[in-house]
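Thanks for taking a look at this one with me. Here are my notes, point by point, to read alongside the model.

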Amino acid sequence: MDARLPVGARGPPTVTTLVGSGTKGLSNGPAATAALNGPLGVATLPDGTVVFTEQGNHRLCRYDPATGNVTTLAGTGAAGFHDGPGGTAQCNHPRSLAVDGNGNVLVAEWSNHRIRCFDTTTNNVSTLAGTGTTGFQDGPAGTAQFNNPSGLAIDGDGNVLVADVGNHRIRCLDRTSNNVATLTGTGTAGF
């Protein structure tokens, strides 16, 4: 016997706002009054906090349900590039994100053409792959080139899968060999 309830018996789904006042801006503090600008990627850390990218404010943020507050993890609010401590690190249109097996936040940066990592233990930002120059190049992560990377996922082996939009390819950053390879796509738009 099927014990599941019919869809109508469950009631309608409820949508609630976790973060954001609905006003475009840049702020930290209470989630209900936080002004955001272009949130895109969202994920949950192992401790239950929510991380998200804000493309318009060039930053990576955290929402802590225990305190109800939003804080900036990385990014100054201005477009740029700088690796280092989260408070001084700069981002340029961060898009999607994924959380790896160590709880680190990996970010696809559209306008910096890089894959970045926010280490949740040290609060430090580093570049995992990409030179920052628009282009296409497979090979060692430090010399690999991307063209507006947008989507990210982590596979079962901890490798980073990248939707490389401008190159019309799906790429893979092997975290063991630190090498970038194309999984699929010819580099030409088509079907």
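1. Cys 91 counts as buried because its relative accessibility is 6%; here buried means under 20% relative accessible area, exposed means over 50%, and partly exposed lies in between, with a 1.4 Å probe and protein chains only. The cysteine sulfur closest to that of Cys 91 belongs to Cys 61, and at 9.6 Å it is too far for a bond. Please keep in mind that this is a predicted model, where local features need pLDDT of at least 70, side-chain atom pairs count only at pLDDT 80 or more, and totals for chains, interfaces and linings use all residues. Residues are numbered from 1 along each chain as its sequence is written, and side-chain values use heavy atoms, leaving out hydrogens and water.

2. Cys 172 is buried as well, with 12% relative accessibility. Its sulfur is 16 Å from the closest cysteine sulfur, that of Cys 117, which is too far for a bond. How many disulfides does the structure hold? The count is zero, where a disulfide is a pair of cysteine sulfur atoms within 2.5 Å.

3. Now for the chain as a whole. It has one helix and 15 strands; these are DSSP runs numbered from the N terminus, with helices being H or I of at least four residues and strands being E of at least two. The C-alpha trace spans about 50 × 50 × 30 Å along its principal axes. Of the 191 residues in the chain, 42% are buried.

4. The accessible surface of the chain is about 9600 Å², computed by the Shrake-Rupley method with a 1.4 Å probe. Carbon and sulfur atoms account for 54% of that surface. Taking contacts between residues at least 6 apart in sequence, 34% join residues at least 24 apart; a contact means heavy atoms within 4.5 Å.

5. Five strands form it, in the order E1-E5-E4-E3-E2, with antiparallel pairing; two strands pair if DSSP finds at least two bridges between them. At the edges are E1 (29-30) and E2 (39-44), each pairing on one side only.

6. Follow E4 (residues 59-64) within that sheet. Five bridges join E4 to E3 (residues 50-54), and the two run antiparallel. The E3 and E4 hairpin has four residues between its strands, and His 58 in the turn has a positive phi of about 55°.

7. E4 also pairs with E5 (residues 69-74), again antiparallel and over five bridges. Here Asp 64 stands opposite Asn 69 in E5. This hairpin too has four residues between the strands, and Gly 68 takes a positive phi near 75°. Why is E4 largely enclosed by the rest of the structure? Because five of its six residues are buried.

8. Finally, two arginines are worth a look. Arg 114 lies over the face of Phe 81, 3.6 Å from the ring centre. Arg 171 lies over the face of Phe 146, at 4.7 Å from the ring centre. For a charge to sit over a ring, NZ of Lys or CZ of Arg must be within 6 Å of the ring centre and within 35 degrees of the ring normal.
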